[in-house]
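My notebook is open, and I have a few things to look up here. Come along while I go through the entries one at a time.

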Amino acid sequence: MLLESLAYYWPRYLLGLGFAVLNSLILRRRGSGNKRFLLHLVALFVLSPTVISLIYDQLATRFKDSFIGPRLLRYSESFASGVGVMYFIVVDALFVIIPIILFSKIIKERLSVAATVYLMYSLLDKLCLVMAVSTWSYFALMITIATLVILFTRKRMMYVVENSRFIEWRPVLYYQMGLFFLLDALYAAYYVFPGIVNGVLDVRNLWIDSIAIVSFTFFIGFAELNIRATKEQIEKMIYMEELDQNERDIIQRFAEISEAKSGETGQHVRRVAEYSALIAKYCGLSRDEVEHIKIASMMHDVGKLLVPREIIEKPGELTAEEMEIMRTHTNYGHAILANSRGEVISMARLIACQHHERWDGKGYPNGLKGKEISLYAQIVSVADVYDALTSRRSYKEPWDNAAARQEILSQRGLQFSPKVVDIFKACFDEIVEIQRTYVD
């Protein structure tokens, strides 16, 4: 039985072997299949669309002959043929679900990606079945179509392998599913309509073949458009990342200039950035927001660039008039950053303007209260004050960590957001570790 199957269906087994070899090589290229190449090869061959199709065909035929066929004898021949065809189409679709799931596990890809790749080979098999008039014609068609696909999409195929995570696979998958049922229905025409005989080259067969070829060509074109759209999207993402990096570089340079003017150390800005990112993470902010606040917080005192140096570096206590001048650095910070529209700059603008606002509404410059204050500014406010307390300044000696921690906790609901203070308390050990890493 096996030898007869091999003798008759050898081109389909060959396609299954091609499926196994190509996907095993992709696994090896990704570095996950070097030691298990042979195991992957065997498993993928058994799960290949053609092998599964041959297994399903035998099982489905036997079930139909034993259980469904006898019950259809009471109806007309055309009705029985129609029901039989629908049965095979539905079972054919159901029979690929488990192999696709197992295939996705082996190649370690999302189910939508695995299903798209798997159905591509299944569609090639079905197209050849519809058009072939003999075993050798199936083989010739398979080689011809596969060669044409490779020639026209070779560069795209490597691009797809390397950028699969960026591609919108679902639209292609949905198109494939429609083509899957269409080719099944075209193949079923040989059984539903007695006048059409598979293996005979006539107008009716050519008509069916033309529909199959046009449909498959449209699918290839649709897939190509999807890949091109993805490539354009990736290029836009790279451009935006470069723009974002340039924005970050500008912020860091501003921060360095601000440090030099204010007399604060560069480590102060880095510590505030790390504290802010840590607290933001525990506040539940997204990964992008955490990265943004880490950079934006460096600009919290950029407005001091416009405050006279003698006030910033005064060793003693500031007079009331000098304090009012010092407080203008929040408005200056907002003004310096006002004309930029990037996400990080926008966040930096909020922080620069609001990091001296108080939860109880007694802060400056606008007397904001509670949740009127941006969460980003609430976070940087705690980070900035803790580092200011534990750092040496021209007008004071540094506090020890325990005293500074207690001061922050005592201002819960007064100067600082209760939520941010609670998170500060919960991750205090990590804050101290950051403090040790970036020592002045």
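Predicted model: local features only at pLDDT ≥ 70, side-chain atom pairs only at ≥ 80, totals over all residues.

**Entry 1: cysteines**

I looked for disulfides, taking a disulfide as a pair of cysteine sulfur atoms within 2.5 Å, and the count came to 0. Cys283 is in no disulfide, and the nearest cysteine sulfur, that of Cys427, is 8.6 Å away. Cys427 is likewise in no disulfide, with the sulfur of Cys283 as its nearest at 8.6 Å. I then checked burial, where buried means under 20% relative accessible area, exposed over 50% and partly exposed in between, for a 1.4 Å probe and protein chains only. Cys283 counts as buried because its relative accessibility is 11%. Cys427 counts as buried too, at 3%.

Residues are numbered from 1 along each chain as its sequence is written, and side-chain values use heavy atoms, with hydrogens and water left out.

**Entry 2: helix H6 and Asp125**

Helices here are DSSP runs (H or I, at least four residues), as strands are (E, at least two), numbered from the N terminus. Asp125 sits in helix H6, residues 111-131. Is Asp125 buried or exposed? It counts as buried, because its relative accessibility is 3%. I listed its contacts, meaning heavy atoms within 4.5 Å. Leaving aside neighbours within four places in sequence, Asp125 is in contact with Arg12, Leu15, Thr50, Ser53 and Tyr138.

I also checked the helix as a whole. Of the 21 residues of H6, 17 are buried, so the helix is largely enclosed by the rest of the structure. The expected span of a helix is 1.5 Å times one less than its number of residues. For H6 that should be 30 Å, and its end C-alpha atoms are 30 Å apart, which agrees.

**Entry 3: Met142**

Next I went to helix H7, residues 135-162, where Met142 is found. Met142 is buried, with a relative accessible area of 6%. Met142 and Asp125 are 17 residues apart in sequence, yet their C-alpha atoms are 7.6 Å apart in space. Not counting residues up to four places away in sequence, Met142 touches Pro11, Leu14, Leu15 and Cys128.

Most residues other than glycine have a negative phi, and most peptide bonds are trans. Lys108 has a positive phi of about 55° although it is not a glycine. Lys108 is found in the loop between helix H5 (97-107) and H6, and at 64% relative accessibility it counts as exposed. The peptide bond from Tyr364 to Pro365 is cis, with omega near 15°. I placed Pro365 in the loop between helix H15 (343-354) and H16.

**Entry 4: Met323**

Met323 lies in helix H13, residues 320-327. At 33% relative accessibility, Met323 counts as partly exposed.
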